[in-house]
Amino acid sequence: MPFDSREYEWNDLSVTAGNRDITGIRGLKYSEKMEAEPLYAKGRTAHSIQTGNIAYEGEITVTQSEYEALVNAGGGSVLKLRSLTLVANYGNPSSGDAMITDILTGLQITEAGKEWKQGDKSIEVTLPFLATGLKNQAK
């Protein structure tokens, strides 16, 4: 059996939001964070780590034309797109990769803006978001 060190790559990623294939995607980042703090009592060192709320956040970077399509879908603003479900599929089963699906639910874009600079050959728009849930490796 030949050795293959192939890793997941950008070409393997497919993203849908609101049942729409986001073909103008240029970047995607998401994370889950849990509040945590040490609990101090007798002595100088922590006795335990106490945890609290879990938050899901990220950003999606799209081409200007993709952004305008999202603005249109939001009736004039991407901030009106509420409670979206974003599905990120990656992997290439034909190359022996397991197909992985991550699902972000309750997604809300929190900021919208545009920026142009002299010399730009294309325009990208980065949209930060919050979500109410994340299911990694959804089955």
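Leaving aside its neighbours within four places in sequence, Thr 61 is in contact (heavy atoms within 4.5 Å) with Gly 24, Ile 25, Arg 26, Gly 27, Glu 124, Val 125 and Thr 126. The model is predicted, so local features need pLDDT of at least 70 and side-chain atom pairs count only at pLDDT 80 or more, while totals for chains, interfaces and linings use all residues. Residues are numbered from 1 along each chain as its sequence is written, and side-chain values use heavy atoms, with hydrogens and water left out.

**Thr 61**
- Thr 61 lies in strand β4 (residues 46-63); strands are DSSP runs of E, at least two residues, and helices are runs of H or I, at least four, numbered from the N terminus.
- Thr 61 has a relative accessible area of 11% and is therefore buried (under 20% relative accessible area, with exposed over 50% and partly exposed in between; 1.4 Å probe, protein chains only).

**The largest nonpolar core**
- A nonpolar core is a set of buried Ala, Val, Leu, Ile, Met, Phe, Trp, Tyr and Cys residues joined through side-chain atoms within 4.5 Å.
- The largest one has 23 residues, of which Ile 22, Val 78 and Leu 127 touch the most other members.
- Its largest share, four residues, is supplied by β7.

**Helix α1 (64-73)**
- Gln 64, Glu 66, Tyr 67, Leu 70 and Val 71 are buried in α1.
- These residues lie on the same side of α1 because they cover an arc of only 160 degrees around the axis, taken from the directions from the helix axis to the C-beta atoms.
- Ser 65, Asn 72 and Ala 73, on the other side of α1, are exposed.
- The buried residues of α1 pack against β2 (20-21), β4 and β7.
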